[in-house]
Amino acid sequence: MPELPEVETTRRGIAPYVQGRIVKQLVVRQPKLRWLIPPQLSSLIKNRKILSVERRAKYLLLRLDNGSIIIHLGMSGSLRIIDASEPPMAHDHVDFVLDDGVAMRFTDPRRFGCVLWQGASEPIHSLLASLGPEPLSLDFDGDVLYQRSRGRKAPIKTFLMDNKNVVGVGNIYANEALFAAGIKPNRASGRISRQRYQILADQVKKVLAQAIEQGGTTLRDFVGGDGKPGYFKQALKVYGRGGKPCVICDRHLIEIRLGQRSTVYCRHCQR
DNA sequence: ATAATCACCTGCTCGC
DNA sequence: TGCGAGCAGGTGATTA
């Protein structure tokens, strides 16, 4: 479910419900996620106020006065706002029970997500320490990609999905941005001109921004009531369309594997 | 340093 | 209908 647009959509969905609220209780039904939920997390956050909900890459950061709760949704994670009395279903691993009877519930069938802690006085968490620029910020442009890619042989799609180069570009949007930029996914990243990287960076921004506007590519809603699900799915031009006609030239789209990820492109429109 | 592969999990779809 | 194989929106760790 979650790429950057879905995470950002989740952030916007939960923020109004959790911001300014006090954490009354942490209920952990399954501590073994990708990494173990820190046993001391409960005591660290209990009776503290959630000051804000931020996002860095695909990490959600719930700021408290003594540090931040780090949440990653992995491949199948979601956060929903529910009544705290709602009985848990399978894979409802964690509840953050708030002072108004509402809870933020973390669900993740595959358990590739995580719930971690960044103490205010600790050195920056290793997961956050070496992340590349945010794609929608001014720190990210074609020059960044061009400079970082010199001498590299990795396919551009792999390069684009490496969070040291730019964060938040997952498999769906890497496919879409490369199509929009007219660049073949398996082209060596070191063999792409500065000009083409500028186009690519612009298309990354555009495709992510559009997806956020439309509430992500998610299939189901995630916050009680107001989340609008999954509109971007119908806008996908290549992802999930292997063998189908290219929306530009009508030739059939090629599907290959790159770094064991499904990769779809048009042999005619992408070079 | 870089590139490729593995690993972590559950659930769903597909072909036999 | 049942069952194994393969695949899924991520990404750190391990191996060459």
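Predicted model: local features only at pLDDT ≥ 70, side-chain atom pairs only at ≥ 80, totals over all residues.
One open sheet has 4 strands in the order E1-E6-E7-E5. The pairing in this sheet is antiparallel. Strand E1 (23-28) and strand E5 (78-83) stand at the edges. Each has a single partner strand, so one side of each is left without a neighbour in the sheet. From one strand to the next, the twist averages 20°. Within the sheet, strand E6 (residues 92-98) and strand E7 (residues 102-107) run antiparallel and are joined by 5 bridges. Asp 95 has Arg 105 of E7 as its bridge partner.

Strand E3 (residues 59-64) pairs with strand E4 (residues 67-72) over 6 bridges, in the antiparallel sense. Leu 64 is bridged to Gly 67 in E4. In a regular strand, side chains alternate between the two faces of the sheet.

Ile 254 stands opposite Tyr 265 of E10. Leu 258 has Arg 261 of E10 as its bridge partner. The hairpin of E9 and E10 has 2 residues between the strands. Gly 259 in this hairpin takes a positive phi near 55°.

Gly 259 is also one of the residues that surround DNA strand B. By class, the surface near DNA strand B has 5 charged, 4 nonpolar and 2 polar residues.

Helix H7 (residues 194-213) packs against several helices, among them H1, H4 and H6. The axes of H1 (residues 4-18) and H7 come within 9 Å. They cross at roughly 40°. An angle under 35 degrees would count as roughly parallel, and 65 to 115 as roughly perpendicular. H1 and H7 are therefore oblique to each other. H1 passes H7 in a right-handed crossing. On the H1 side, Leu 4, Pro 5, Glu 8 and Thr 9 make the contact. On the H7 side, the contact is made by Leu 208, Ala 211 and Ile 212. The residues of this contact are 5 nonpolar, 1 polar and 1 charged.

Helix H4 (residues 142-149) and H7 have axes that come within 7 Å and cross at roughly 130°. That makes H4 oblique to H7. The crossing of H4 past H7 is right-handed. H4 contributes Gly 142, Leu 145 and Tyr 146 to the contact. These meet Arg 194, Tyr 197, Gln 198, Leu 200 and Ala 201 in H7. The contact of H4 with H7 divides into 5 nonpolar, 2 polar and 1 charged residues.

Helix H6 (residues 171-181) packs on H7 at an angle of about 130°. The axes of H6 and H7 are 8 Å apart. H6 and H7 are therefore oblique to each other. Their crossing is right-handed. H6 makes the contact with Tyr 173, Glu 176, Ala 177, Ala 180 and Ala 181. The residues of H7 in this contact are Arg 196, Ile 199, Leu 200, Gln 203, Val 204, Lys 206, Val 207, Leu 208 and Ala 211. By class, the contact of H6 with H7 has 10 nonpolar, 1 polar and 3 charged residues.

Definitions and conventions
Residues numbered from 1 in each chain as written. Chains lettered and ligands numbered in written order. Axes fitted to C-alpha atoms, helices over the stretch in contact; angles between N-to-C directions. Parallel < 35°, antiparallel > 145°, perpendicular 65-115°, else oblique. Left-handed = near helix turned anticlockwise from the far one by under 90°. Contact = placed C-beta atoms within 7 Å. Nonpolar A, V, L, I, M, F, W, Y, C, P; charged D, E, K, R; others polar. Pairing = 2+ DSSP bridges. Near = placed C-beta within 6 Å.
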